[in-house]
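Please look at the sequence and the structure before reading on.

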Amino acid sequence: MADLDDLRARWTATLTAARSGDGPDPTPYADRLLTQWAEPHRKYHTVDHLAAVLRHIDTLADHAEDPELVRLAAWFHDAVYRPDRSENEERSAAQAERALPEAGLSQDGTAEVARLVRLTVTHDPHEGDTNGEVLCDADLAVLAGDPEEYAAYAAAVREEYAFVPDDAFRTGRATVLRQLLELPRLFRTPYGAKEWEALARENLVAELELLAE
């Protein structure tokens, strides 16, 4: 389980670094977000996922134009999450657009965070969008876990969609996996391409084969 005090400290450091000048106490904003990330219906999109994405951003930070804004986007990218709805990213971006100006972030910084959150719909940043490349790679890095980690991820996704019958889930999940495998590149940063691409593809193929059994 992620260390909530550590996450609060990370949020405070990130927001303080991203905004110019003083602003309101960051803690209530962190607490609200952490409450959302801990909602009981979440099984994969949890506080642990948030912490993992932040760790991956740390690994990739040198590639980003503004890593602090990327970190803020990570906090918001699944702030609103319901597995039975399709507008989660848009609602999460809208929450960022409401909360961040109040928290002291500039208009331009807020716009960039919201843009990055919306980018996680497709995970397809334009060439040269280094902020987008870092966020998307960090979000997808779970695909490159070792076999045990990947199996836990896949099981958590299934649990999150427990309301979907088995046959329908297998069909839908297989479609998602094939779409990922058809991408010319899963990862856009140099580190992600080198360290994560091959293993992620192996994991995706293995899961697809299990679904076909």
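## Basis of the report

This is a predicted model, in which local features need pLDDT of at least 70 and side-chain atom pairs count only at pLDDT 80 or more, while totals for chains, interfaces and linings use all residues. Residues are numbered from 1 along each chain as its sequence is written, and side-chain values use heavy atoms, with hydrogens and water left out.

## Overall architecture

The chain contains 11 helices and zero strands. Helices (H or I, at least four residues) and strands (E, at least two) are DSSP runs, numbered from the N terminus.

The radius of gyration, taken over C-alpha atoms, is 17 Å, which agrees with the value near 17 Å for a compact globule of 213 residues. The globule rule is 2.2 Å times the number of residues to the power 0.38. Along its principal axes, the C-alpha trace spans about 55 × 35 × 30 Å.

## Burial and contacts

Of the 213 residues, 49% count as buried. Buried means under 20% relative accessible area, exposed over 50%, and partly exposed in between (1.4 Å probe, protein chains only). Among contacts (heavy atoms within 4.5 Å) with a separation of 6 or more, 64% are between residues 24 or more positions apart.

## Helix 4

Helix 4 covers residues 67-76, and it is largely enclosed by the rest of the structure because eight of its 10 residues are buried. The buried residues are Leu69, Val70, Arg71, Leu72, Ala73, Ala74, Trp75 and Phe76. They pack against helix 1 (4-18), helix 2 (27-37), helix 3 (47-60), helix 5 (88-102), helix 6 (107-119) and helix 7 (130-140).

## Helix 3

The 14 residues of helix 3 should span 20 Å at 1.5 Å a residue, and the end C-alpha atoms are 20 Å apart, which agrees. The expected span is 1.5 Å times one less than the number of residues.

Buried residues of helix 3 include Val47, His49, Leu50 and Ile57. The buried residues of this helix pack against helix 1, helix 2, helix 4, helix 7 and helix 10 (190-195).

## Leu210

Is Leu210 buried or exposed? Leu210, which lies in helix 11 (residues 197-212), is exposed, with a relative accessible area of 57%. Leu210 and Arg170 are 40 residues apart in sequence, and their C-alpha atoms are 9.6 Å apart in space.
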